Amino acid sequence: MENNNTILSVKDLQVEFTVRDRKLKAIRNISMDLREGRVLALVGESGSGKSVFTKTFTGMLDDNGEITNGEIIFEGQDLTKFKTDKDWLGVRGKKIATVFQDPMTSLNPVRTIGYQISEVIIKHQEKSKAEAKKIAIELMKRVGIPNPEKRYDEYPHMYSGGMRQRIVIAIALACRPRILICDEPTTALDVTIQAQIIQLIKDLSVEYGFTTIYITHDLGVVAKVADDVAVMYAGQIVEYGTSEEIFYDPRHPYTWGLLSSLPQLEEEDGELHAIKGTPPSLFEEIKGDAFALRSDYAMKIDFELEPPMFKVSDTHYAKTWLLHENAPKVEKPAILNNLHEKMQRITSKGGTYGSTK
Ligand SMILES: Nc1ncnc2c1ncn2[C@@H]1O[C@H](COP(=O)(O)OP(=O)(O)OP(=O)(O)O)[C@@H](O)[C@H]1O
Ligand SMILES: [Mg+2]
């Protein structure tokens with residue numbers, strides 16, 4: 001996955017957690033180039049490794065986790081070599097910032113909102129207190145806080161959940177990051193607020209020119225925000241492509257499964273298209289294709305040998321033996337035909353945020 005406008009490049013990354021003397025392999029050899037200035041959506045079932053993967057970009061793995069192989073190249077440095085907080089000083093929360101699901105974990109309950117934004121501006125942009133306050137109020141305005149001059153002196157508990165998440169975004173932007181990681185930033189919010197926050201992040205990414213990694217379970221959200229999509233399964237990226245390629249020309253049976261379980265498609269024939277079974281245990285060595293046991297399309301080789309990433313186009317790759325030249329030709333499930341039309345219907349009607357009935 002070579003690209004000349006790569007901002008961050010991951011090679012053969014492996015992460016293991018130690019749990020009571022046992023090893024859990026959470027990330028199993030991921031290689032990926034993040035394309036600058038774009039919005040990458042990371043999708044995949046719970047436990048597939050989305051959070052762990054992106055936490056390696058800011059050195060935020062839990063204490064029992066370690067990178068056991070690979071490299072993460074950012075601005076000519078290998079981030080896997082960073083160990084201490086001092087090593088991370090110029091990168092974490094500065095060049096690479098994260099917005100988490102629960103804004104309260106990122107905000108200090110005993111400091112005013114204004115103080116918390118200004119503090120970051122003073123630190124990262126070397127401004128005076130008065131200048132920082134001006135910039136902070138501007139930022140609050142920009143992320144959609146009404147009456148920011150007044151709300152500057154309020155405490156986090158006086159804000160609603162959606163407003164708090166806007167503040168967390170403002171704080172992240174105050175350091176002028178090059179990469180913004182959003183880990184399920186709207187899951188805890190109600191649907192109309194979700195739509196607003198997603199649109200806000202998208203608009204800001206264009207305005208400020210940062211690269212976004214957007215983690216979500218919700219493919220409706222992906223269709224709205226993503227330029228590129230990485231599909232994760234059992235600690236690997238199994239398909240990577242532009243949003244168009246993933247929605248309209250998906251190649252991995254797991255991606256087919258994810259797309260088929262779009263709630264909007266379920267409604268059409270009243271049937272549920274959830275992917276059957278569960279992912280394999282990451283405590284065990286996985287042989288062959290990790291999705292084989294759950295796949296209707298598995299071949300003998302899938303149980304024996306791990307597939308490589310096959311190239312579909314310069315921007316599209318998938319890790320399935322179905323793309324081998326000797327594989328039988330199989331079609332994606334019929335329900336995914338005309339997805340373009342169906343997706344347009346979804347997004348024009350407000351997608352997962354509004355009623356599709
Ligand atoms: N501190 C830890 N100790 C042991 N295992 C962990 C730890 N943190 C994460 N894991 C395991 O690593 C795997 C990947 O977890 P991760 O949190 O990245 O999943 P995810 O894709 O973000 O899921 P979700 O959608 O639920 O947030 C899971 O099997 C998880 O149980
Ligand atoms: Mg997660």
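Let's start with how helix α4 passes helix α7: the crossing is right-handed. Please keep in mind that we are looking at a predicted model. Helix α4 covers residues 113-125 and helix α7 covers residues 161-174. Their axes come within 8 Å and cross at roughly 15°. Angles under 35 degrees count as roughly parallel, so α4 is roughly parallel to α7.

Which residues of α4 and α7 meet? On the α4 side, look for I113, Q116, I117, V120, I121 and Q125. On the α7 side, their partners are I167, A170, I171 and A174. Sorting the residues of this contact gives 8 nonpolar, 2 polar and no charged.

Now stay with α4, but turn to its contact with helix α5, residues 129-142. Here too the axes come within 8 Å, and the crossing angle is roughly 115°. As α4 passes α5, the crossing is right-handed. From α4 we have I113, I117, S118, I121, I122 and Q125. They meet K129, A132, K133, I135, A136, L139 and M140 in α5. How many residues of this contact are nonpolar, polar and charged? The division is 9 nonpolar, 2 polar and 2 charged.

Let's move on to ligand 1. How many residues surround ligand 1? There are 17, and the closest are S46, G47, K50, V52 and D62.

In S48, a backbone N or O atom lies 3.3 Å from an oxygen atom of the ligand. For G49, a backbone N or O atom is 3.0 Å from an oxygen atom of ligand 1. D62 uses its side chain: a polar atom there sits 2.8 Å from a nitrogen atom of ligand 1.

Technical notes
Residues numbered from 1 in each chain as written. Chains lettered and ligands numbered in written order. Predicted model: local features only at pLDDT ≥ 70, side-chain atom pairs only at ≥ 80, totals over all residues. Heavy atoms only, no water. Axes fitted to C-alpha atoms, helices over the stretch in contact; angles between N-to-C directions. Helix = DSSP H or I, 4+ residues; strand = E, 2+ residues; numbered from the N terminus. Parallel < 35°, antiparallel > 145°, perpendicular 65-115°, else oblique. Left-handed = near helix turned anticlockwise from the far one by under 90°. Contact = heavy atoms within 4.5 Å. Nonpolar A, V, L, I, M, F, W, Y, C, P; charged D, E, K, R; others polar. Near = heavy atom within 4 Å. Polar contact = N/O pair within 3.5 Å; in protein donor to acceptor, adjacent residues only side chain to side chain.
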